[in-house]
Every structure is written in structure tokens, then in C-alpha cells.
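Hello,

Here is the structure I promised to pass on. Please open it and keep it beside you while you read my notes below.

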Amino acid sequence: MKTIIEPFRIKSVEPIKLNTSNERVGILESAFNNLFLINAKDVIIDLLTDSGTGAMSSQQWAGVMLGDESYAGSNSFIFFEKTIKEMMGFKNIIPTHQGRAAERILFSTMVKDGDYIPSNNHFDTTRANVLEVGAHPYDLVCSEAKDFNSSYPFKGNMDIEKLNAFIKDKGVEKIPLIMLTITNNTGGGQPVSMENIRSVSKLAREHKIPFYLDACRFAENAYFIKLNEKGYSNKSIKEIVKETFSYADGCSVSAKKDAIANIGGFLCTNDDNLAKKKKDLLILTEGFPTYGGLSGRDLEAVAYGLKEVIEEDYLQYRIESTKYLGKKLNELGIPIINPPGGHAIYIDAQKFLPHIPIQHFPGQALACQMYIEGGIRTSEIGSLMFGGKDKDGKIFYAQNELVRLAIPRRTYTQSHIDYVIEVMASIKDKSHKIKGLKIIYESRTLRHFTAKLERV
Ligand SMILES: *Cc1c(COP(=O)(O)O)cnc(C)c1O
């Protein structure tokens, strides 16, 4: 059959309260045109993030009831550890309360002041944690990634030549590890090919530099490899996942993504000495190494989620449903980053709303219009998020003005997505009437969370 269905039945539902466009105008006004300041109950379709917003399965909920809350050596940890060891092949598995806690422990134990950390693209929290220990994060993503219209299937790849030059330039002793984010969150989850993972690993090993994966979306990445990389169409996702991790010395993972849990994370390493150091730090900030800031029931939910996420029916539905939204927006002539990635679609708001100058935040203006028109919440990834004032008070802007539609896992059905598409079609018809915004209040850091804006 050509129709790809959601490979699950719905057993428990959470009602969505529908509101009217007029009501939403009032709600947005009292939130000063900042979607972070709106209550979730006033949102119809929430595409703010795919992190921790997925729907757990009946098996995961059953695991929640079975959670062993023993302080040390709980059954739930043994199950969690065994599942990850078997799937990823690492020797030491360290649970943490979420991805950034794993990153903090990783960088605090391996990186020192003045070091350099290359990646394809560092995710925000990775970058912040590298900076926190006084090191310098570098993004060495391939040049295809910068072309929104290129149909290159592995836009998350690291530029190997650049990495080689980087190692020569900075010196091996200044590079305590190489990171690679799979899928690359920046750009909506663009995948990294196995060939690229292998090449980064080879280079790292030649120079004896540890190689770590930021593997939050490892299963989505594996599915893209199966779909688009020569030699992998007949391999199982399990085999592809195993091969992926075989090239790395360790990884950090947020279980809020591909483990389809609402909270959790973990850190893996093959280095026993390093694992000891990491566990000492874990005890200081997260908890004993058999729970690491999580309850036994969380460990169960993560372990079952990991087993479910590598099922091919699930991944086919997941990747196809993101692609479906991308395809329909392309057909409407709404400019997006192509090809669609695994977990999100990015609309190029600058191109879509050319009459709004970047000083007036076209991305935020579009995000607000999507809320008024259909109660859809998205996030601006543009100058509200990445712009600001430098030390001398000079205003700077982001490179791109994007709106991200992140798709939670197993949460919305195709008719929800069709509704989003209809809302976008309706916005397109009157896009020239959308007005820009200006900031009337902003904080010094991470201003997008709390900024207040008004229409110009
Ligand atoms: C979400 C995410 C993280 C951080 O994980 P949290 O659980 O939010 O702390 C790190 N890297 C990538 C690529 C992510 O998507």
C-alpha cells in the first residue's frame, strides 16, 4: 500500500481545547507577541519542540509501573544498562537527568581552558557547555548545508578537509575530543552519512583524538542512511545503529528525543579510567551511578523507548510524516530548508515575508501569525533568538530568519498536520499584510524566552 499509516492505535487521549482566532489575538497581545509566554492550554498544535513531548507507548507506561526505586543496583538500571550496551556497544553507561547534564560531565572531565572542540554543528547546550569550561566550539559542517535548495541527502556531514586542516592548525594536544551531532539538529535534523562518520573516526584515530557522538537522534539518522546511502538498503536499523556507534569512543544522548521519554539522558564511554572520573562527578551533581538523577521508572521508559525507536515501521512513519509536511509546503510555494530533515521543517521567513526588514523580526512575525491563524505554536530561529547588542551597544542580526516547526513523536496524526498545511495556505494568501514587530523589553541573555514585542 502507498498510504503510510501511523503504526499505533490511540489508547489514551489528551483533549485539545479549541479556541477562536479572536480569542487568540487577545492571548497573544497579553503575551506581548512572545509564544514562550503563552500557556500550553491555549495552543492547538504545539510544534515548539520535539524534546520530551513525544507520546509514550503502553509498554513504556507499563515500565513506569515496574520501576525499581532502589537507591543502588536497581533492576531498572540493570535493564537500562543492558539495553544500551546491546544496542550501542559501549562499555560504560552513565545515566543523567537529561542531555545537557551528560554534556557537562563529558566536557568537565575531558576538556580544559583554551582547548578547541570541532563538530559538524554544536547544539546550543553543547556549545554552552564547551564555553563554560573555557574551550572554543567550532562548527565544520559541509558547504552543502548552507544551500537551502540543495537536495544533497547528507547535509549534516562534517567537512573532512576542514577537519583535517583544523587539526593541523590547532594541534592535536589542543583538541581533547571531536564531536559529531547525529542527526544535525541545526537545519531540522539533517542526517550524517555512515561514510562521513567512518571518515571522522578514521581521522580521529590517526591522531589519537577521542571521538564522541551527540547521538540524540541516532535512530532517525540510521533510517536516513538506510534510505539514501549505497550499501545500506538491505541492512536492519539495528545493524546500522551498531555500526554507527562502533566508530565512536563514546556518546552523549538526550532521552527526550529518540528514546521517546519525557525526561532523561545518558553518557557512554569505552574508556574505563574516564568513566571512573565521570561517575565521581555524577555522584556530586546528579546522583548515584545506578540512577544518575532519574527515577527507576524513568530508566524503564527510556529503555523501552530505545527498543521501540529502532523499529522500522515507526521510523518510516516518522521520517515520512516530516517529509509530507515539507512536500506540501513546497507545493504551496512556501520557502523551506530542503530536503526536510528528521524532526522539523524550517520556513525561510525572510524569503516568505520579504516586505518585513530583519530589524522587524520576520520570523517572529510569521510565528505569531501562525498562532493567530490556527493556534499553532512554533519557534523563531532568527534574530530574536540569535541577534542582540554587542559590548559596544552595536546591534547585530542572525544569519537567517527561520521559523521551526518541530514534530513531537507519535503525538499528532496526519489530520493535525493537514490542518497545519491549511493554516499555512491561508497565511500565504495574505502574507503581504503581515506586520513586523519591535522589541519593547529584552533581558541581557537568551532574550527570546522573555522578550516583549509590539507591532510596528
Ligand atoms: C536536545 C539536545 C541536546 C540537549 O539535551 P537536553 O535533554 O535538552 O538537555 C543536545 N544535543 C542535541 C543535538 C539535542 O537535540
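Ala102 is found in helix 4, which covers residues 99-110. Bear in mind that this is a predicted model. Ala102 has a relative accessible area of 0%, so it is buried. Now look for Gly264. Ala102 and Gly264 are 162 residues apart in sequence. In space, their C-alpha atoms are 9.9 Å apart.

Lys276 sits in helix 10, residues 272-285. Lys276 counts as exposed because its relative accessibility is 57%. From Lys276 to Gln350 is 74 residues in sequence. Their C-alpha atoms are 49 Å apart in space.

**Salt bridges**

How many salt bridges does the structure hold? The count is 27.

Start with Arg409 and Glu220. Their side chains meet in a salt bridge, at 3.1 Å from N to O. Arg409 is in the loop between strand 14 (402-406) and helix 16 (414-429), while Glu220 is in helix 8 (residues 218-228), so the bridge ties together parts 189 residues apart in sequence. Are these two residues buried or exposed? Both Arg409 and Glu220 are buried.

Next come Glu308 and Arg410. This salt bridge is 2.9 Å from N to O. Glu308 belongs to helix 11 (residues 296-309), and Arg410 to the loop between strand 14 and helix 16. The pair links distant parts of the chain, 102 residues apart. Glu308 is buried, and Arg410 is buried too.

Glu320 is partly exposed because its relative accessible area is 26%. Lys323 has 42% relative accessibility, so it also counts as partly exposed.

Salt bridges link Asp50, Arg217, Glu220, Asp258, Arg318 and Arg409.

**A pocket and a cavity**

The second largest pocket has a volume of about 1,400 Å³. Its lining has 37 residues, and the closest to the pocket centre are Ser12, Glu14, Ala55, Arg410 and Thr411. Helix 2 (58-66) and helix 12 (312-331) are the elements that each give two or more residues to this lining. By class, the lining divides into 16 nonpolar, 10 polar and 11 charged residues.

The volume of the largest cavity is about 60 Å³. Which residues line the largest cavity? They are Asn34, Leu35, Phe36, Gln364, Thr378, Ser379, Glu380, Leu384 and His448. This lining has 3 nonpolar, 5 polar and 1 charged residues.

**A nonpolar patch**

Together, Phe36, Leu37, Leu446 and Phe449 make a nonpolar surface patch of about 360 Å². Find Phe449 in the loop between strand 15 (437-441) and strand 16 (452-455). Its relative accessibility is 39%, so Phe449 counts as partly exposed.

**Backbone details**

Check two cis peptide bonds. One joins Ile182 and Thr183, with omega at about -25 degrees. Thr183 is in the loop between strand 5 (178-181) and helix 7 (194-206). Another cis bond joins Asn338 and Pro339, with omega at about -15 degrees. Pro339 has its place in the loop between helix 12 and strand 9 (344-348).

Then look at phi. Lys208 is not a glycine, yet its phi is positive, at about 55 degrees. Lys208 lies in the loop between helix 7 and strand 6 (211-214). With a relative accessible area of 74%, Lys208 is exposed. Ile260 is not a glycine either, and its phi is positive at about 45 degrees. Ile260 is in the loop between strand 7 (250-254) and strand 8 (265-269). Is Ile260 buried or exposed? Its relative accessibility is 2%, so Ile260 counts as buried.

Best wishes

Conventions
Residues are numbered from 1 along each chain as its sequence is written. This is a predicted model: local features need pLDDT of at least 70, side-chain atom pairs count only at pLDDT 80 or more; totals for chains, interfaces and linings use all residues. Side-chain values use heavy atoms; hydrogens and water are left out. Patches are made of residues with over 30% relative accessible area and no salt bridge: like charges are joined within 9 Å, nonpolar side chains (Val, Leu, Ile, Met, Phe, Trp, Tyr) within 5 Å. Accessible areas come from the Shrake-Rupley method with a 1.4 Å probe; for residues, only the protein chains shown count as cover. A salt bridge is a side-chain nitrogen of Lys or Arg within 4 Å of a carboxyl oxygen of Asp or Glu. Helices (H or I, at least four residues) and strands (E, at least two) are DSSP runs, numbered from the N terminus. Buried means under 20% relative accessible area, exposed over 50%, partly exposed in between (1.4 Å probe, protein chains only). On a 1 Å grid over the protein atoms alone, a cavity is a set of points where a 1.4 Å probe fits but cannot get out, and a pocket is an open set with protein on both sides within 12 Å along at least five of seven lines; lining residues have an atom within 4 Å of a point. Grid points are joined across faces, edges and corners, and a volume is the space filled by probe spheres set on the points. Ala, Val, Leu, Ile, Met, Phe, Trp, Tyr, Cys and Pro count as nonpolar, Asp, Glu, Lys and Arg as charged, and the others, Gly among them, as polar.
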